[in-house]
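Let's walk through a few backbone details together. Have the model open as you read.

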Amino acid sequence: MALQIGATAPDFEADTTEGHIHFHDWIGNHWALLFSHPKDFTPVCTTELGALARLKPEFDKRDVKLIGLSVDPVSNHKLWGDDIKDVVGVAPNYPMIGDTDLKVSKLYNMLPADTQGTSDGRTAANNATVRNVFVIGPDKKIKLVLVYPMSTGRNFQEILRAIDSLQLTSKHNISTPADWKQGEDVIISGSVSDDDAKKIYPNGWKSPKPYIRIVPQPK
């Protein structure tokens with residue numbers, strides 16, 4: 001059964017390229033992005049890890065900690081980092097989990113719970129389902145889940161856009177419309193009555209339909 005939005009992100013301990021971590025303690029009071037890879041030294045993942053390293057300042061601005069995962073050992077991750085720097089120009093500047101016992105992959109339902117053995121002998125095809133993105137809030141709840149096939153590189157600009165929406169809507173009773181970007185109009189949540197909305201938005205709102213109330217993005 002896939003992990004649902006709103007569920008508590010499973011806690012775990014693991015070795016990473018930046019030392020041993022206890023996941024919930026590592027998150028602390030920050031947001032977190034956990035993204036997984038089926039195998040080290042795979043082509044699409046090489047480009048993704050480099051792209052994310054390049055974008056790390058954007059995630060830092062949003063108080064989002066980055067952490068990657070692959071079923072291969074940490075020693076392989078460090079060697080892979082050299083390749084990533086050669087290909088993309090930037091090496092990973094965030095921790096990478098070594099999930100050799102497949103514990104985290106199974107805990108996060110990326111591999112079946114009854115998967116036997118370790119990472120030894122497993123191929124990227126065996127691990128094709130280990131291609132997820134989890135956005136986790138400071139409350140340790142899962143806010144977003146994205147699953148990508150091995151053939152399609154992840155769009156980290158879209159992930160940043162989604163995080164902007166998640167962080168904004170966590171502070172205000174609003175929703176963001178299709179293709180919304182930072183600074184654009186938003187929608188008052190249906191849970192807010194018109195009377196309460198008038199107190200928050202005394203200048204009123206645009207309403208193309210009775211159930212849609214559009215207002216400028218709160219500051």
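Q: Which residue in β11 stands opposite Lys209?
A: This is a predicted model, and two bridges join β10 to β11 (residues 212–215) in it. The two strands run antiparallel. In β11, the residue standing opposite Lys209 is Ile212.

Q: Is Phe41 buried, partly exposed or exposed?
A: Phe41 sits in the loop between β3 (31–37) and α2 (43–61). Its phi is near 60 degrees, a positive value in a residue other than glycine. Buried means under 20% relative accessible area and exposed means over 50%. Phe41 has a relative accessible area of 42%, so this residue is partly exposed.

Q: What is the phi of Asn109, roughly, in degrees?
A: Start with the location: Asn109 lies in the loop between α4 (103–107) and β6 (132–136). Most residues other than glycine have a negative phi. Asn109 is not a glycine, yet its phi is positive, at about 60 degrees.

Q: What is the relative accessibility of Asn109?
A: Asn109 counts as partly exposed, a class that lies between the 20% and 50% cut-offs. The value for Asn109 is 36%.

How values were computed. Residues numbered from 1 in each chain as written. Predicted model: local features only at pLDDT ≥ 70, side-chain atom pairs only at ≥ 80, totals over all residues. Heavy atoms only, no water. Helix = DSSP H or I, 4+ residues; strand = E, 2+ residues; numbered from the N terminus. Buried < 20%, exposed > 50% of the residue type's maximum accessible area, 1.4 Å probe, protein only. Pairing = 2+ DSSP bridges.
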